[in-house]
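Me: Could you walk me through reading this model, one feature at a time?

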Amino acid sequence: MADTDAEARRLSWSMRALLARLARTGAAPDVPTVDVAARELAQAERDTPTVIAHGRWPRLLAGSPTTARDQIEQITKATGVQEVMVQDVVAAPAARAHSRALPAQALGVTPAAVAAP
């Protein structure tokens, strides 16, 4: 998740490149940066939908908080699930931290306090 749909799609390239590496070599020791992923992925791979389109669910869901919330709500209504797990694979630490804060904001959820070790 990112501030805009375009940025979220761009950030998803790291995950797409990681999956491509795993499929190609059976191993992926690191998450590629967005720039590295852009070089590794074909244009069609970078343009693969990250939102529900024409009744087809994407392999990766990515979008702005509003887009992601709407997509998650559509999926939960269609499947009847009561819980959703959000996973992100973002190489840049600052972008990853920001991406992790956005789902709670978009869904109006207050994260539980983390107990001190």
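Me: Which residues make up the largest nonpolar core?
Reply: A nonpolar core is a set of buried Ala, Val, Leu, Ile, Met, Phe, Trp, Tyr and Cys residues joined through side-chain atoms within 4.5 Å; buried means under 20% relative accessible area, exposed over 50%, partly exposed in between (1.4 Å probe, protein chains only). Here the largest one has ten residues: Ala2, Ala8, Leu11, Trp13, Ala17, Val34, Ala37, Leu41, Ala62 and Val90. H1 and H2 are the elements giving two or more residues to this core, and H1 gives the most, with four. Helices are DSSP runs of H or I, at least four residues, numbered from the N terminus. This is a predicted model, where local features need pLDDT of at least 70 and side-chain atom pairs count only at pLDDT 80 or more, while totals for chains, interfaces and linings use all residues. Residues are numbered from 1 along each chain as its sequence is written, and side-chain values use heavy atoms, leaving out hydrogens and water.

Me: What does alanine 17 touch?
Reply: Contact means heavy atoms within 4.5 Å. Not counting residues up to four places away in sequence, alanine 17 touches Pro32, Ala37, Glu40 and Leu41.

Me: Is serine 14 buried or exposed?
Reply: Serine 14 counts as buried because its relative accessibility is 1%. Serine 14 lies in helix H1, residues 5-25. Beyond neighbours within four places in sequence, its contacts include Val31, Thr33 and Val89.

Me: How confident is the predictor, on average?
Reply: pLDDT is its confidence in each residue, from 0 to 100. The protein averages 88, and 94% of the residues score at least 70.
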